[in-house]
Amino acid sequence: MTGRIDRWERDGCGITVYVPSRAEEGLPVLYVGDGGWVSGDAGLWNALTEAVEAIPCLLAAVEPRDRDADYTPWPAPPLKAGESPFAGRAEEYLAFLTGRLLPELEDRYPFADARRRGLMGYSLGGLFALYALYRTDAFCWLGCLSGSLWYEEWTAYMAAHQPADPGTAVYLSLGQGEHRSRHPRLGAVYARTLEARALLEKQLTSSPLWEEPPGGHFADIPGRFVRAVSRFGQCAQEQRRKGE
């Protein structure tokens, strides 16, 4: 069975929504970053829609206006000479997401359950998902896939702050070969992610779920997304049982 795809735009952000074939009352909602890439990659999109059909849940792929700005928490130098620096406007983007986009989207789809929202992203999108943990309690589940936790001062920020809701479920995924990058900043990602995991162990009421799939940063991306969606589905079911 196949669902319905809706596309619309709000304030420079394109949104692609997949409504599963079983659009029943109380459907959890999974927000995914880098919506243009996610919905534009046929293999990735097909894998994702099959995964959300199995839950089922509403899938909203949201394209940022400028990912190097919207997904970064504060300004930082670029990775390569000649590139633009990271602008660090995650706080502004998160306010737009939670204050405007989420209410509008869930008003369009009244069968959505706002108590069972997830947010996940890949790379910088994963960093942004984890940043949201400390700034809002709008999500019951956050997925950080190959997150850019090498970002300057990120783990220091985590150590100095507490989650908005310590009961939030967190999923961390990092490829086993991602530490092999020759770039000194990118190569630190494994050590920084382990630091983040250790901090979350202390800050959350439940330990973060941790997976290390094989390969580097770009290995089997559809498979990594599907595993994350499955974990969100398990969390959404648990949240529903708690609410009954």
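This is a predicted model: local features need pLDDT of at least 70, side-chain atom pairs count only at pLDDT 80 or more; totals for chains, interfaces and linings use all residues.

Helices (H or I, at least four residues) and strands (E, at least two) are DSSP runs, and they are numbered from the N terminus.

**Whole chain**

Along the principal axes, the C-alpha atoms fill a box of roughly 50 × 40 × 35 Å.

The accessible surface of the protein chain is about 10,600 Å², and carbon and sulfur atoms account for 50% of that. Of the 244 residues, 54% count as buried. Among contacts between residues at least 6 apart in sequence, 72% join residues at least 24 apart.

Return to Pro56 and select Ile55 with it. The peptide bond joining Ile55 and Pro56 is cis, with omega about -15°.

Next, select Ala60, which sits in strand E4 (residues 58-62). Is Ala60 buried or exposed? Its relative accessibility is 0%, so Ala60 counts as buried. Apart from neighbours within four places in sequence, Ala60 is in contact with Thr16, Val17, Leu30, Tyr31, Val32 and Leu105. To try a distance, pick the C-alpha atoms of Ala60 and Gly35: the two residues are 25 apart along the chain, and these atoms are separated by 7.9 Å.

**The end of strand E1**

Select Arg10, in strand E1 (residues 4-10). Arg10 has a relative accessible area of 19% and is buried, because the cut-off for buried is under 20%. Leaving out residues up to four places away in sequence, Arg10 touches Ile15, Phe96, Arg100, Leu101, Glu104 and Arg108.

Move on to Asp11, in the loop between E1 and strand E2 (13-19). Asp11 is not a glycine, yet its phi is positive, at about 50°. With a relative accessible area of 36%, Asp11 is partly exposed.

**Helices H4 and H5**

Select helix H4 (residues 90-108) and helix H5 (residues 124-135); their axes come within 11 Å and cross at roughly 75°. H4 and H5 are therefore roughly perpendicular to each other. Which residues make the contact? On H4 they are Ala90, Glu91, Tyr93, Leu94 and Leu97, and on H5 they are Phe128, Tyr131, Ala132 and Arg135. Colour them by class: the contact has 7 nonpolar, no polar and 2 charged residues.

**Two loop residues**

Select Ser146, in the loop between strand E6 (141-145) and helix H6 (154-160). Ser146 has a positive phi, near 45°, in a residue other than glycine. Its relative accessible area is 1%, and Ser146 is buried.

The last stop is His179, in the loop between strand E7 (169-173) and helix H7 (189-203). At 37% relative accessibility, His179 counts as partly exposed. Not counting residues up to four places away in sequence, His179 touches Gly187 and Tyr190. To finish, draw a line from the C-alpha of His179 to that of Val226: the residues are 47 apart in sequence, and the line spans 23 Å.

Definitions and conventions:
Residues are numbered from 1 along each chain as its sequence is written. Side-chain values use heavy atoms; hydrogens and water are left out. Axes are lines fitted to C-alpha atoms, for helices over the stretch in contact, and angles run from 0 to 180 degrees between N-to-C directions. Angles under 35 degrees count as roughly parallel, over 145 as roughly antiparallel, 65 to 115 as roughly perpendicular and the rest as oblique. Contact means heavy atoms within 4.5 Å. Ala, Val, Leu, Ile, Met, Phe, Trp, Tyr, Cys and Pro count as nonpolar, Asp, Glu, Lys and Arg as charged, and the others, Gly among them, as polar. Buried means under 20% relative accessible area, exposed over 50%, partly exposed in between (1.4 Å probe, protein chains only). Accessible areas come from the Shrake-Rupley method with a 1.4 Å probe; for residues, only the protein chains shown count as cover.
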